Amino acid sequence: MEIKELQIKHFGKFQNESIRFHGGLNILYGENEMGKTTLHAFIRAMLFGMEKERGKASKNNEYVLREPWDNPSYYAGTIRFESGEKIYRLSRNFSEEGQSTELFCETDGMELEPDQAKIRELLDGFNEAAFCNTVFVSQRSSETASELADEIRNFVTNYQEEGQFNVKEALTHLRDKRQELERKRKNNQDEKKENIKKTKTRLRELERELEDLRRQTNEQSQQLIQKKERRSQFMQNCGDAEERKQKNIGLWMIVVLVQIAAGAGAILISQYLSVWFIAVIAAIDLIVLMFLFFHIQTKKQRLEKKSQDRLRKEEQILKKMELEEEKLSGKQEILQEEIREKMMQTENLREMLEEEENSFQNKKMDQKIEGLQIAENTIRDLSSEMYREFSKGLNKKVSEILSMITRGRYRKVFLDEKMNVRIDTEEHLLYLYQVSRGTMDQIYFAVRMAVGDFFFQEEKLPVILDDVFVMYDERRLKETLRWLYHSNRQVLLFTCHKRERELLREIVHEEEGI
Amino acid sequence: MKFFHISDVHLGVSPDPGFPWSDLRCREIWQSFEAFIQKVSEKQVDLLLIAGDLFHRQPLMREIKEINSLFALIPKTKIVLIAGEHDYLRSDSCYLKFQWSPNVFVMNTKECRGIYFPDLNTEVYGLSYYEKEISEPLYDGISPQNNGCFHILLAHGGDEKHIPIDRRKMAQSGFHYVAMGHCHKFQPVIDYHAYYSGALEPIEKTDLGPHGYIEGDVDEYGRMRIRFIPWAKREYLILSVTSNERFTDQNLKDQVAEGIKKRGKQHFYRILIDGVRDPMVHFDLEGCKKFGNVVEIMDRTTPIYNFRKLLLQNGDNLIGRYIRHFQNGALTEAEKEALYEGIDALLDTKR
């Protein structure tokens, strides 16, 4: 791009003026108060527009500064420039009533929509901030090294984000989204865990019930054994009673034996005693026997009746015992059945638990989370890769320019991670504040030119310098001008010193002479 | 002779665990079976074939008792059942211990055996699972005795791990009808010969469409006619939504609401969103669940970025590099996700 002409209708102290520029280095010499800075500001206002700010800040606003006092409605101008081998004319009226912008392509003879996006296209993609941070260098420069470093840092980082993507914001967005999903996934898992816990509790309950049932059956079988024992004991007791009955028979045997013995005795002594006596004795014996017989018989009957009663009673008791046992073993069976049922249930539940534990993997969500993580990592990697490339390229460019304009005094400059400018003198690694003010200015200049070159390689915007070489010594100024002379771009250099013009003449002489 | 053929009732299952209707469905499946027995009674069915997986897990004794009392209500119907891989005959299985009603015949052998019903002049062959998986083709060599009656094979499985079957051998085996279970969807195995009745009620979200039983009629000459009768009142249905570049979240909700209303609120829906979408549009999937029983909702749309145009516009900047980073080779699902999400996030900051 090349600025061809400025036509100033009314802007600051200028009125109906027109200035033409040629390609290459233009030096605009003027003493103080001649309006160099006004011209400088005019170019910026023409390219990017200018609006009146409201409120307190308006006092020192550029707009107010340049507003004509007597004829405000003529607060206007035109800039003619060449871009992409076509000549354009951009006219603006800044006055509050008649604010307007017109864009006209002289080559095609066509009026164009004067929106800022279109204008930006013609300016090789520069917006106002990028323009002011690179090729448009104003007089007002930083006072101290730290301010300067801040400014460099500022515009490098700002430059990166200007019109670009806000990497930090994108990363935050991705992280938030991922964390939200992870929270959701965790909730799902918690829910699943809760379900599993519930199943487990049910399982434990079942197991406890089973335990209980088992204990009950144990107790009952113990009882059953006891009962059975008691019954067998009881039955043994009954057997004892029968034995006693057999004893009675023994008694009878004794009586019979006694009778036989008595009979035998009687036969033996019958020779000595009278028959009658024996007969009487026998009769008595008979009576005694009869009596005994009857007595025993009745006693026996009584006893028998008694034992029958007891037997009946015993039988009843036995039956009752048996019944109880039966009942108990019936109960036992029911319990066993219940245990089997519960065991089946437990096993079914275990199976369910296993299924539950293996299920619920939400693949889609996992993929999404993984994807977000990949996106985050990739963006971080790519942006730091770009940053590395950016600083590498930029460092190289800055060093090149600086090396040229300091005639090799400083060959290597780089920006560290914190965007601090470091100067490598091959002996020391210097910070910006460790070099002279003049060198600092030169470094600043080199950084600006490098950034402009680095990002807008397609077409070069004119470099517009408002008296920025004040602190340069003659030698370095000459080299800087030489660099500009060779930079193959349009330069508008505003200065209040004659030395630039003389030095340029020398350079031209030297270069053409070679 | 009239027969009904069912399978895979899965009594005791709680479908869709974690969803609010899970317990209700568990009860509904029992009720559905009760009602089905009522239907068997009404239709005076001679033979009820249950081709496995009557229960979802090992049946409890009280469950068996309950089922048996239902079977006892239809004494004129002969009921033949086999155990499938879900309710397989474990050594302690209640199937084996239980004294069934006289009209119930549990085919509890490991090999195929037949039962002859003289009054129906029909012989039913079958076997039961004793393990969860059987990979031997137990049905392949089976053919019925040639005794002039109607031959039915009651079979369960048909895939690799559950008694694989050879269709050709089955077609030549000589059975007049093969009543199959295991597959939950009604379908023929061999036309006019062998059928999966499908589950009586759908059990999980993959059991799409109608479910019911097979009704078969065999006339005196042995000619058979079979029909599928839908029985389940609820179905799992896929609700397809196709999105395009002008499709919004509200459009999605309208379509879902309308689709569910049109096809019936009682059903369970799987909503699948396909097609493309504007990258700016994000679907509120959770919000769609309020329109009915939504068992699944999946957004499978791809945002339409014009990658070529984006590449052209962005050249070597971050977006350009980002797109190029994902351009070599096939992408995994996660990487696709990453591509879209990353571009979305970056472009969002520029807007």
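Biologist: How many residues does the contact take from chain B and from chain A?
Modeller: Chain B gives 27 residues and chain A gives 32. Contact means C-beta atoms, placed from the backbone, within 7 Å. This is a predicted model: local features need pLDDT of at least 70, side-chain atom pairs count only at pLDDT 80 or more, and totals for chains, interfaces and linings use all residues. Residues are numbered from 1 along each chain as its sequence is written, with chains lettered from A and ligands numbered from 1 in the order in which they are written.
Biologist: Which element gives the largest share of the side of chain B that touches chain A?
Modeller: H8(B), with twelve residues. Helices are DSSP runs of H or I, at least four residues, and strands are runs of E, at least two, numbered from the N terminus.
Biologist: New topic. At what angle do H6(B) and H7(B) pack?
Modeller: About 140°, with axes 8 Å apart. Axes are lines fitted to C-alpha atoms, for helices over the stretch in contact, and angles run from 0 to 180 degrees between N-to-C directions.
Biologist: Which residues of H7(B) make that contact?
Modeller: B:Ile319, B:Gly320 and B:Ile323. From H6(B) come B:Phe307, B:Leu310, B:Leu311 and B:Asn314.
Biologist: And the sheet in chain A, what is the strand order?
Modeller: S9-S10-S11, open and antiparallel. S9 and S11 of chain A stand at the edges, each with a single partner strand. Pairing needs at least two DSSP bridges. S10(A) and S11(A) pair over three bridges.
Biologist: What stands opposite A:Asp424?
Modeller: A:Leu429, in S11(A).

Note on methods:
Contact = placed C-beta atoms within 7 Å.
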